[in-house]
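Please open the model in a viewer and keep the sequence at hand.

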Amino acid sequence: MSERSAGARPCVMGFEFYNKGYKLPTVSASPPLALRVARKSSEMEAFGRSFTTTLTTCRSPQSRRADCKRSSPKLLATRPIFAHGGGGYSSHSRRLKANVRMDAAVGGEEEEMRQAKEMAAARRRWEALIREQKVKALTPREAGYAIQLSSKALLDVRPSTEREKAWVRGSTWIPIFDVDNATDFGALSRKITNFVMGGWWSGSLTLSYDRDFISKVEEKFPKETDIIVVCQKGLRSLAACEQLYNAGFRNLFWVQGGLEAADEEDFAREGPQPFKLAGIGGISEFLGWTDQQRIVAAKEGWSYRLVFTGRLLGLVLLADALFLGAQKLGPFLQELRSH
């Protein structure tokens, strides 16, 4: 089997949907193909949507156009356009507009199906990389031992928001995705969508693919270097491994499950947060309502839980105070106007 099969496209996955509980970031314009697949697949998994409904209910545009052609003569005969000179639209015209809208909806569904197929193809390629030992899989503990006992380098491909919370001492940081700081209309639109669709809760930010990722790695490491690639949950690092393998790196190791699956003793940690909590944020982190924090709470006991219980009570009291203040503000403003 050739190292890169004919027709296979480079794959860059920017979001981790390999395990449960992944965040909902969006992506900047014109990313590589598999990145667009990753965005859609992560959104589908996070909201529990299934492509089954799309596959079973979608009708082709050709069938709708055929229906329109069959119904058009009757409509023209019974309800002529502008029959009474009023300038209004006829039923036929409204039917045509409805057809246009329906065709547009079908186009969106077809795009989702296309991306679902590309996502499945990307997953098959990644599985083949591991199965054929082109990329060797390591548990976090095995990776920690390998770093201590050999000269293998650890490449951290996480975005800055996760890296600044916790990192492995001595690791090299080259993010394959990082926070999108663009301020153009398209970027602002994606950021608003990301916030509304769950970013406020999870704390996830809009990420953009670094097109210089491979060149930065090549500047840092010779291609014969043993490189252990890690991210927060294991999927972005696997996508990075595919990119690096296609670029000529042959001694690649992938940390299965990422740093979130690591115990504190597996790596020498630096940073203010445990590895398991580096990938969370937003209101869910503030209230302690994430799976990662529940695991920590089970170990730490009630002292850890009381902190978040106090935060929740504080939010409730703040909401009550704002509500009461709003009730009193109305009569106060009316009194001022009367004077």
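Predicted model: local features only at pLDDT ≥ 70, side-chain atom pairs only at ≥ 80, totals over all residues.

Residues are numbered from 1 along each chain as its sequence is written, and side-chain values use heavy atoms, with hydrogens and water left out.

**First stop: two helices**

Two packed helices are described by the angle between their axes and the distance between the axes. Select helix α8 (residues 213-220) and helix α9 (residues 235-246), which pack at an angle of about 70° with their axes 10 Å apart. Helices (H or I, at least four residues) and strands (E, at least two) are DSSP runs, numbered from the N terminus. Axes are lines fitted to C-alpha atoms, for helices over the stretch in contact, and angles run from 0 to 180 degrees between N-to-C directions. The helices α8 and α9 are therefore roughly perpendicular to each other (65 to 115 degrees; under 35 is roughly parallel, over 145 roughly antiparallel, and the rest oblique).

Now display the side chains: F213, I214 and V217 in α8 meet A240, Q243 and L244 in α9, contact meaning heavy atoms within 4.5 Å. The residues of this contact comprise five nonpolar, one polar and no charged (Ala, Val, Leu, Ile, Met, Phe, Trp, Tyr, Cys and Pro count as nonpolar, Asp, Glu, Lys and Arg as charged, and the others, Gly among them, as polar).

**Second stop: aromatic rings**

Rings of Phe, Tyr and Trp (its six-membered ring) pair if their centres lie within 6.5 Å; planes under 30 degrees apart count as stacked, over 60 as edge-to-face and the rest as tilted. By this rule there are four aromatic pairs. Select F177 and Y209: the ring centres are 5.7 Å apart and the planes stand at 55°, so the pair is tilted. F177 belongs to strand β5 (residues 177-179) and Y209 to strand β6 (residues 207-209), 32 residues apart.

Is F177 buried or exposed? With a relative accessible area of 1%, F177 is buried (under 20%; exposed is over 50%, partly exposed in between, with a 1.4 Å probe and protein chains only). Y209, at 14%, is also buried.

Next, select F267 and F275, an edge-to-face pair with 6.2 Å centre to centre and 85° between the planes. Then select W200, W201 and W289, which ring pairs link into a cluster.

**Last stop: R250 and V307**

The charged end of R250 sits over the ring of Y245, 3.9 Å from its centre (NZ of Lys or CZ of Arg within 6 Å of the ring centre and within 35 degrees of the ring normal). Finally, select V307 in helix α12 (residues 302-338); V307 is partly exposed, at 45% relative accessibility.
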